[in-house]
Amino acid sequence: MNLVFLGPPGAGKGTLAGLAAPYLNIPHISTGAIFRKAIAAGTQLGIRIKANIDAGGLVDDPTTIKLVSERLTLDDAKKGYILDGFPRDIVQAKALDTFSKVDKVIDFDIDDDGVLARLAGRRVCRKCGFNWHITFNPPKIANICDKCGGEVYIRDDDKKESVKKRLEVYRKVTAPLIAYYRGKGILVNIDSRGGIEPIFAAFKRIF
Ligand SMILES: [Zn+2]
């Protein structure tokens, strides 16, 4: 099952992917994690990506497409995947169509106020990358990841000023993908205003 998770930052995509990936036994592939891995590896590519992100910009389409297409050739992605953060625009969506066949696109439906409320509480594990939320999905011990004991922190791009900018970019650049995938007849909506449990329940009703 090849899935794309589509929705604004803070819609709960990453959190749901953390639950849905083991549920369907397919990998959760996020561009954020791919970029962080490239940066940590310290390659030329990683250095360029870091410069892009630090400047508040986005990683360019050719670089992103190359990294994702390479990731999809790994063994664990042969039986399926959940793509999170990709495709981000029509150029990437059309590229994806050339190297993989998407079965379903889950559209996480939430307005900007809902996003701001959700992102204010979002925390990420520094070690395993799991997404926590201080209201909707808190770790048992504050700031410590239940899964791996890693430190749970606020990502820079979850801070309010960058959230507003990312929302603007999403509505302009990424939201047109909703019509693109609806046209292909593979779009499924999930109401993403509440906590993670109702979102996961709605997801399980699809599969
Ligand atoms: Zn962790």
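**Aromatic cluster**

In this predicted model, one aromatic cluster is formed by Phe-5, Tyr-23, Phe-108, Phe-200, Phe-203 and Phe-207. Two of its members, Phe-200 and Phe-203, belong to helix H9, which covers residues 196-206. They are three residues apart, about one turn of the helix. Both Phe-200 and Phe-203 are buried.

**Ring pairs**

A pair of aromatic rings is described by the distance of the centres and the angle of the planes. Rings are paired if their centres lie within 6.5 Å, and the count comes to seven aromatic pairs. For Phe-200 and Phe-203, the ring centres are 6.5 Å apart and the planes are at 20 degrees, so this pair is stacked; the cut-off for stacked planes is under 30 degrees.

**Charges over rings**

Two charged side chains are placed over aromatic rings. The charged end of Arg-126 sits over the ring of Tyr-153, at 3.9 Å from the ring centre. The charged end of Lys-147 sits over the ring of Phe-130, at 4.5 Å from the ring centre.

**Packing of H2 and H4**

Helix H2 (residues 31-41) packs with helix H4 (residues 61-72) at an angle of about 100 degrees, and their axes are 11 Å apart. The two helices are therefore roughly perpendicular to each other, as angles of 65 to 115 degrees count as such.

On the H2 side, the contact is made by Thr-31, Ile-34 and Phe-35. H4 contributes Thr-64, Leu-67, Val-68 and Arg-71. By type, the residues of this contact are four nonpolar, two polar and one charged.

Notes. Residues numbered from 1 in each chain as written. Predicted model: local features only at pLDDT ≥ 70, side-chain atom pairs only at ≥ 80, totals over all residues. Heavy atoms only, no water. Phe/Tyr/Trp six-rings, centres within 6.5 Å; stacked < 30°, edge-to-face > 60°. Helix = DSSP H or I, 4+ residues; strand = E, 2+ residues; numbered from the N terminus. Buried < 20%, exposed > 50% of the residue type's maximum accessible area, 1.4 Å probe, protein only. Lys NZ or Arg CZ within 6 Å of the ring centre and 35° of its normal. Axes fitted to C-alpha atoms, helices over the stretch in contact; angles between N-to-C directions. Parallel < 35°, antiparallel > 145°, perpendicular 65-115°, else oblique. Contact = heavy atoms within 4.5 Å. Nonpolar A, V, L, I, M, F, W, Y, C, P; charged D, E, K, R; others polar.
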